[in-house]
Amino acid sequence: MKRSLVVGVALIAWSTLFAAQSTSQADDLIIGTWKQNMARSTYSPGAPPPNVAYSVRQYAAGTDGSIVAITMNVDPHGLPSLGAISAANYDGKEYAQHTVATLATSLSSHIVGPRMDRTISYKRIDPYTVEIVQRQNDEVIARNIRTISRDGKTMTDRADYTNAAGQRVTNVLIFEKQ
């Protein structure tokens, strides 16, 4: 039941992405589907997560000028699960970001009033580079620098954060445009 709910939410979200695309940002290099190249990605300290064979990221242009982003993790059996979903502008402001853990809380919070416990902000550095800051309960939990190659075929996402054990983590994830 849990897996089918996640797959259902993912299918709805992906179909929403395609419906929300506009031509005003069609030339943005991030727009499209990106698949992680695990052989070229590095995880420090340690190895890649054992329950993730690779990740897929889908980016689409929102009708309001935002970028809608969905991250899916695919397990070794080929089953997808939601990593995160957000819609944000490249203006440095905070926008809601959802994971499976926060999505149910957020959806039910509309009964008593919306909450934004997890946020993401994007700040464009140049046409190929974006700084990304993720916060949970007003605390910075991760900083990323995402760079797209000049030919638009490779995306590098360098994530810096402290894990639950208090270790400094620097992961460099390489994605290829599909």
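Strands are DSSP runs of E, at least two residues in length, numbered from the N terminus. In this predicted model, Asp138 sits in the loop between β8 and β9. Its phi is positive, about 70 degrees, although Asp138 is not a glycine. Most residues other than glycine have a negative phi. Asp138 has a relative accessible area of 71% and is exposed. Asn137 also lies in the loop between β8 and β9. Phi of Asn137 is positive too, near 50 degrees. The relative accessibility of Asn137 is 54%, so Asn137 counts as exposed, the cut-off being over 50%.

One cavity of 30 Å³ or more is present in the structure. Residues lining the largest cavity include Asp28, Tyr90, Arg124, Thr129 and Arg146. By class, the lining has seven nonpolar residues, one polar and three charged.

The largest pocket contains about 1100 Å³ of space. It is lined by 42 residues, of which Arg57, Thr71, Asn73, Gly83 and Leu173 are the closest to its centre. Strand β5 (residues 80–88) gives the largest share of this lining, six residues. The lining of the largest pocket comprises 23 nonpolar, 13 polar and six charged residues.

A peptide bond of note joins Ser44 and Pro45: it is cis, with omega about 0 degrees. Most peptide bonds are trans. Pro45 is placed in the loop between β2 (42–44) and β3 (54–61).

Technical notes: Residues numbered from 1 in each chain as written. Predicted model: local features only at pLDDT ≥ 70, side-chain atom pairs only at ≥ 80, totals over all residues. Heavy atoms only, no water. 1 Å grid on protein atoms, 1.4 Å probe; cavity = no way out; pocket = protein on both sides within 12 Å on 5 of 7 lines; lining within 4 Å. Points joined across faces, edges and corners; volume = space filled by probe spheres on them. Helix = DSSP H or I, 4+ residues; strand = E, 2+ residues; numbered from the N terminus. Nonpolar A, V, L, I, M, F, W, Y, C, P; charged D, E, K, R; others polar. Buried < 20%, exposed > 50% of the residue type's maximum accessible area, 1.4 Å probe, protein only.
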